[in-house]
Amino acid sequence: MRLILAIFLPWLQFFTIGRPIAGIICLILQITIIGWLPAAIWSVYALSEYKTDQKISKALQK
């Protein structure tokens with residue numbers, strides 16, 4: 001679900017992972033037609049980092 005959100009509404013995905021400042025910057029990028037593609041790529045990359053951080057913290061808790 002978050003991956004679809006990262007592709008179509010990249011700025012909103014940043015808010016769901018707790019990065020509101022990045023979400024605002026991404027929204028500014030997405031407003032321009034040219035900046036939409038880099039915003040989507042950045043959002044997908046940030047989502048993969050978030051998932052990796054979640055897995056690492058889960059493994060350290062065990």
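Helices here (H or I, at least four residues) and strands (E, at least two) are DSSP runs, numbered from the N terminus. The model is predicted, so local features need pLDDT of at least 70 and side-chain atom pairs count only at pLDDT 80 or more, while totals for chains, interfaces and linings use all residues. Residues are numbered from 1 along each chain as its sequence is written, and side-chain values use heavy atoms, with hydrogens and water left out.

**Stop 1: the whole chain**

Show the protein chain as a cartoon. There are four helices and zero strands, in the pattern α-α-α-α along the sequence. The C-alpha trace spans about 45 × 20 × 15 Å along its principal axes. Colour by accessibility next: 24% of the 62 residues count as buried. Buried means under 20% relative accessible area, exposed means over 50%, and partly exposed lies in between (1.4 Å probe, protein chains only). For contacts, defined as heavy atoms within 4.5 Å, consider pairs of residues at least 6 apart in sequence: 46% of these contacts join residues at least 24 apart.

**Stop 2: tryptophan 11 and phenylalanine 15**

Select helix 2, residues 10-16, and show the side chains of tryptophan 11 and phenylalanine 15. These two residues are four apart in the helix, which means that about one helical turn separates them. Rings of Phe, Tyr and Trp (its six-membered ring) pair if their centres lie within 6.5 Å; planes under 30 degrees apart count as stacked, over 60 as edge-to-face and the rest as tilted. By this rule the count comes to two aromatic pairs. In one of them, the ring centres of tryptophan 11 and phenylalanine 15 are 6.2 Å apart and the planes stand at 80 degrees, so the pair is edge-to-face. Tryptophan 11 is partly exposed at 26% relative accessibility, and phenylalanine 15 is partly exposed at 37%.

**Stop 3: phenylalanine 14 and tryptophan 42**

Phenylalanine 14 and tryptophan 42 form a tilted aromatic pair, with 4.7 Å from centre to centre and 50 degrees between the planes. Phenylalanine 14 lies in helix 2 and tryptophan 42 in helix 4, so the pair ties together parts that are 28 residues apart in sequence.

Now select what surrounds phenylalanine 14. Leaving aside neighbours within four places in sequence, phenylalanine 14 is in contact with Arg19, Pro20, Ala22, Gly23, Cys26, Trp42, Ser43 and Ala46. To place leucine 27, take the C-alpha distance from phenylalanine 14: 9.7 Å, for residues 13 apart in sequence.

**Stop 4: glutamine 13**

Move to glutamine 13, also in helix 2. Glutamine 13 counts as buried, at 0% relative accessibility. Which residues does glutamine 13 touch, not counting those up to four places away in sequence? They are Arg2, Leu5, Ala6, Ser43 and Leu47.

**Stop 5: helix 3 against helix 4**

Select residues 20-31 for helix 3 and residues 36-61 for helix 4. These helices pack at an angle of about 150 degrees, with their axes 7 Å apart. The axes are lines fitted to C-alpha atoms, for helices over the stretch in contact, and angles run from 0 to 180 degrees between N-to-C directions. Angles under 35 degrees count as roughly parallel, over 145 as roughly antiparallel, 65 to 115 as roughly perpendicular and the rest as oblique. Helix 3 and helix 4 are therefore roughly antiparallel.

Show side chains at the interface. Helix 3 contributes Ala22, Ile25, Cys26, Leu29 and Gln30, and helix 4 contributes Trp36, Ala39 and Trp42. By class, this contact has seven nonpolar residues, one polar and no charged. Here Ala, Val, Leu, Ile, Met, Phe, Trp, Tyr, Cys and Pro count as nonpolar, Asp, Glu, Lys and Arg as charged, and the others, Gly among them, as polar.

**Stop 6: glycine 35**

Select the loop between helix 3 and helix 4, where glycine 35 is found. Glycine 35 is buried, with a relative accessible area of 6%. Its contacts, neighbours within four places in sequence left aside, are Leu29 and Gln30. The C-alpha atoms of glycine 35 and glutamate 49 are separated by 21 Å, and the two residues are 14 apart along the chain.

**Stop 7: isoleucine 41**

Finish on isoleucine 41 in helix 4. Isoleucine 41 is exposed, with a relative accessible area of 54%.
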